[in-house]
Amino acid sequence: MLEVSHIEARYGQVTALHDISLSVREGEIVVLLGVNGAGKSTTLKAISGLLHPARGEITFDGRRIDRMSPETIVRRGIAHVPEGRHVFPGLTVRENLIIGASNRRSSAAALERDIEEILEIFPELRRLYTQAAWSLSGGQQQMLVIGRGLMAKPRLLMLDEPSLGLAPVIVKKVFNTISQINAQGMTILLVEQNVNLGLKVAHRAYLLETGKIIRTDSAEALRDDKSLRNVMLGASAPAHPGSQTTRQL
Amino acid sequence: MFSEFIQLTVAGLAVGSIYALIALGFVLIYTSVNVVNFAQGDFAMIGAYFMVSLVVGAHLPWWLALIVAVAATGAAGVLFQLLIFQPVRNRSRNFLPVMIATVGASVFLEQLFLLIYGPIPLQLAPIFAVDSVSIAGVHVYPQYLVIIVVTALMVTLLHWFMEHTRLGKQMQATAQDPDTARLMGIRVAWMAALTFAISTALGGLAGLLIAPVYTVTATMGSSIALKAFAAAIVGGFSSMRGAIVGGLGIGLIETYGATYISGSYRDAYPFIVLIIFLIFRPHGLFGEKVSQKV
Amino acid sequence: MTRPMLKFLPFLLILVLAPLLLPPGRLGSYYLTLMILSLSYSVAALGLTVLLGYSGQISLAQAAFFGIGAYTFSLLTVSLHAGFWISVLAALVLTTGFGLLLGAISLRLDSHYLALVTIGFQIITGLVLNNWTAVTGGANGVANIPRPNIFGFQIDSDLGFYWFSVATLVLAAYLVYRLRHSRMGWALLALREDEIAAAANGISLFWTKILAFAASAFLAAMGGVLFASGALYISPNVFDFYQSVSFFAMTLVGGQESIVGTTLGAWLITFLPEVLRFLHAYYIAVYGLMVVIVVLFMPEGLYGMLLRGVDLFRRRVLGHREALDTDAVPLRADATQTRPVASNTPLLEIRDLAKHFGGIKAVDGISLTVNKGDVAVLIGPNGSGKTTVLNVLSGIYSATRGSIRFKGREITNLASNRINRLGISRTFQNIRLFPEMTALENVAVGCYKTGTVGLAGTLLSRPKGYREEAAAMEKARATLQLLGFVRPDMKAKNLPYGQQRVVEIARAIVSDPALLLLDEPAAGMNHEETQVLSQILYRIHSLGVTMLLIEHDMSFVASVATQAYVMDFGNKISEGSVSQVLTDPAVMTAYLGDEVEYA
């Protein structure tokens, strides 16, 4: 469904991605794992068009999307829920959800039905329906942005660190919901720092380090792999204080 | 004495409505692109000149002329956004050059219209050709009432558009978080053009409404705009409600001050109010203090 | 006159000799009048060079200050028959006073508002000049303004006055030049480039902005006096808003950051109407257009373009090459380096510190102590509140509750620049260098707070000022060298990422702080760069600097830190040595998720 091959991306002078290749098949949950700065979020940005890769190509349903604007890509069916709960703070929950459907035309009645579906998935939002989004707690905002992403009726939903800064109980709730919407047929590409959590819900995983994919496997296989822990704590390559480094920055 | 006070209040509210319309334009553009458009007032001037051309030159009925002039001013605003604002914006990470460019553009527009229409002030007949109407024994200039009513209608319409249409909500969403808005599929560039169109059309409306009260000159816009800017700051610069309250307040203070204190300093009162506000309440009536994120 | 000032000599010669090239007769004397006018405008426009070009503050009231200066001088000499020089002095003092006032108001404003306030000031000044007839003479203006008398020698001829004006311009240019090349000048530029970083380096935003406004008003008054005395007659319409726009255009078109450029701009715009006569009165439209075009296509102004052209010519045609100092001084790991052992003396004590943003509790009651000699590290998952702690510590955010003590002294909620002056320096996660300044200048800004020579000392060229500047530059150079950096004269914005980090660290340590705060120093660096960075930190540590850093790269942390604190959800969840905390089950859970619940 989604095919990323050999992309390279940079922010100004910093190369954030070197040669990333990955694929997502219909109906899967794929998780990208890695420490902070490994390039997980950048990969999602490259797919959704917020960042254009310097090299490589991205295809969705066999058509190249790596030169398209985010506005167009979301119309093709990829919704990106960025890291950090970017609600529209001044709009209400309802209005945020309506904005989520900006990528498609739909009648007012159809829109109401879609909103109703989202509220079925996130019953908590019903109570907050007319509140301004800034007044919501972190967990509620996270549900809102996922719900807003679903309002686009995407065929691929990309979630960037949905557990970020949330209390464990709420994280559990959010991840249960992720499994649930996947069970209903949604393909999901997930970025997660929390390894156990990510591997719990995903079918397959890619492991990133400094902008490269260093490993890929089924989530099951990785779950039992203790060496993964070291990678996540960044302890894979211990530096030796006092080693003869003569290289200059 | 009392009837004079009522007359002044009506006049103050009318002038204030004009400030409010232009202040709304400032606020709309500022909240969406985070830059003050110093050429905002010149669109009032452009609107007034268009109106004169259509009424005096083309003999259109006033209501048709009004619609055409407002629409044409909005179109000029989009042109301004595409030709000057956006190119500078794309080139610079800093807002200062953008602001300087709008100052330059403002001077250019004024002189351009001076060149086209000449230095002699033009007259525009008021919409109702009566000198005064009497309301409860108080004589009032009818154009003032027209201004107040049209402004009230316009503000209601704008409010309806922003709060009750999908497009209005998309505009708000874009202003609050443009990157996320793009991810939602909102065409951000169109929203920016739309914002400029609405803001400058409001300015044009203000200009053609006030034209019968003053005269139409190339510099009429910039002096009104400065006071409207003061109104926007007094209102907090980020809320539409603030722009309206600030505009009306500045209009009233200016009118009362000119009569009860001294007429020659009429143009100074708005700035004195502004400076008092800046010293004691810099974030205005409805504004929030925002701190830069590191 | 110091050597760098010699580059002004050719321009000075042209100015002095220009009148000799004028045609005889009325046309010549007409041009001479315009030239005198240009000189007075040049002086006032130099004020904007300081304000707009150096400190990045916008002002559309330069004509008002120009007018206040001109009117004060004229009214004192004409109405009160005061002496020439005493009136000049009064004009300068009064106008500078107004500049201070406007500067003081501007401190509370962001730049958008500032532009408007200056316009408001401009308009009020115009109204007062027009309407306060009893004093200003209203629209009739003031006539019979005297020309200067120097040591009994009365300057009456236009030619004599022209040379007097050139001398004044030289004085003004000298003052601006001295200001730019002193520690005050660094502060102005730092303010323009990045206010937060400026404050974090001990620069008081308050006094620096005041200084910029006062200097600008002072120069406007100088120009105003020159204008009044040159024209012999003034009226309010000369000092209106459009004149302010003209000043603005002069500075911008010529080159806002250059003395020569600004002067060039002033001449150009004064003579422009002569060239554009076919446009009648509409040449102002051309000013407007010119401003837009300059902003769009040549942000450095005409003079900047010219210099760039000359430079290109030299390199392309004459084959000159800049001598690139590529002899790297490699940074070696000195095995012999002795790192100080952590003591038990607390240097920094944080008690129950909290910072809430609305309903979000970014930091919620954290306590930790950094002892003298520690390299403490703050780790924790993304969004756990580490950067917020650092920002509260360095005075960028104010604390919601709790206390911070440094060397036993309460420093909670002090201003950023005051905290820095007490001996706490920092670097930023996203690197906040002053992009348009060279690496060396960036580091020298770090020395700002150790300087003692004030404005008067700078302008009067006290030798101590030169000595301090030389010492600061030397210290900056030495610090860069210590960290193995070899391109001190490159603009910060042109440096590669890793080197920008090094410059930022050098700026933070050049003033010998007691505590260094580093926010993710290894972010965005590759493996080798990170290793070099740890060498740098050893070196700094061996100088006796205590450090507190935030970092994600655990191998890096393990190699440098002596003490670690782990945060999650705005609270401290673990502390101890790095190896201790990394095996702490609570830390595992924070990073990897709750195994008990999910496995």
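How many residues does the contact take from chain B and from chain C? The contact (heavy atoms within 4.5 Å) takes 47 residues from chain B and 44 residues from chain C. This is a predicted model, in which local features need pLDDT of at least 70 and side-chain atom pairs count only at pLDDT 80 or more, while totals for chains, interfaces and linings use all residues. Residues are numbered from 1 along each chain as its sequence is written, chains are lettered from A in the order in which they are written, and side-chain values use heavy atoms, without hydrogens and water.

| Item | Value |
|---|---|
| Buried area (accessible area, 1.4 Å probe, lost on being put together, summed over both parts) | about 4000 Å², 77% from carbon and sulfur atoms |
| Salt bridges (side-chain nitrogen of Lys or Arg within 4 Å of a carboxyl oxygen of Asp or Glu) | zero |

On the side of chain B that touches chain C, α3 (62-91), α4 (95-117), α9 (220-235) and α11 (269-280) of chain B each supply at least two residues. Helices here are DSSP runs (H or I) of at least four residues, and strands (E) of at least two. The most comes from α4(B), with 15 residues.

Chain C holds an open sheet of four strands in the order β4-β3-β6-β7, with antiparallel pairing; strands pair if DSSP finds at least two bridges between them. Its edge strands are β4 (360-371) and β7 (409-410) of chain C. Strand β6 (residues 401-406) of chain C pairs with β7(C) over two bridges, and C:Phe406 stands opposite C:Arg409 in β7(C).

Note on methods. Buried area is the accessible area (1.4 Å probe) that two parts lose on being put together, summed over both.
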